Amino acid sequence: MSYSFTNAQPIFEQIIEYLVVEIANGKHEKDGRVPSVRDYALLFGVNPNTVQRALTELEREGILYSKRGDGRFIGDINKAILTCEKIANHKAKIYVQEMKKLGFTADKIVNLTKEVIEENGITSK
């Protein structure tokens, strides 16, 4: 099974986003081992070099760390959460800019967003 990527941003950035969201949402525990470059390459259906680039960036940010000969592990989960929030903020800005281009007022954007939230069963807690 391969992951479906968009043309909106480079694939390695989409892999970073995917992994950050998984970590921030508790799908991996601190110091837990993550799959190998090859395993991720098979999962995503991409070249291992692309995965390597993503994992190296996550190491640089402290979200992952490596142990020579043992692989990569989950590092700072709080950094993953902060990165996830930055991603969400960026996407929210793009959404608002696009709604503004369509001529929506702030009230219309808020109401539309509330409708979509309700349709998707998202709760406050």
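## Helix 1 against helix 3

Ile11, Phe12, Ile15, Ile16, Leu19 and Val20 of helix 1 touch Thr50, Val51, Arg53, Ala54, Leu55, Glu57 and Leu58 of helix 3, where contact means heavy atoms within 4.5 Å. By class, the residues of this contact are ten nonpolar, one polar and two charged. Here Ala, Val, Leu, Ile, Met, Phe, Trp, Tyr, Cys and Pro count as nonpolar, Asp, Glu, Lys and Arg as charged, and the others, Gly among them, as polar.

This is a predicted model, in which local features need pLDDT of at least 70 and side-chain atom pairs count only at pLDDT 80 or more, while totals for chains, interfaces and linings use all residues. Residues are numbered from 1 along each chain as its sequence is written, and side-chain values use heavy atoms, with hydrogens and water left out.

Axes are lines fitted to C-alpha atoms, for helices over the stretch in contact, and angles run from 0 to 180 degrees between N-to-C directions. Helices are DSSP runs (H or I, at least four residues), numbered from the N terminus.

## Helix 1 against helix 4

Helix 1 also packs with helix 4, at an angle of about 120° and with the axes 8 Å apart. That makes helix 1 oblique to helix 4 as well. On the helix 1 side, Glu17, Val20, Val21, Ile23 and Ala24 meet Ile77, Ala80, Ile81, Thr83, Cys84, Ile87 and Lys91 in helix 4. The residues of this contact divide into nine nonpolar, one polar and two charged.

## The largest pocket

Which residues line the largest pocket? They are Ala8, Gln9, Glu17, Glu61, Ile63, Lys79, Thr83, Lys86, Ile87, His90, Lys91 and Ile94. On a 1 Å grid over the protein atoms alone, probed at 1.4 Å, a pocket is an open set of points with protein on both sides within 12 Å along at least five of seven lines, and lining residues have an atom within 4 Å of a point.

Helix 4 (residues 77-101) gives the most to this lining, with seven residues. By class, the lining has four nonpolar, three polar and five charged residues.

Technical notes: Helix = DSSP H or I, 4+ residues; strand = E, 2+ residues; numbered from the N terminus. Parallel < 35°, antiparallel > 145°, perpendicular 65-115°, else oblique.
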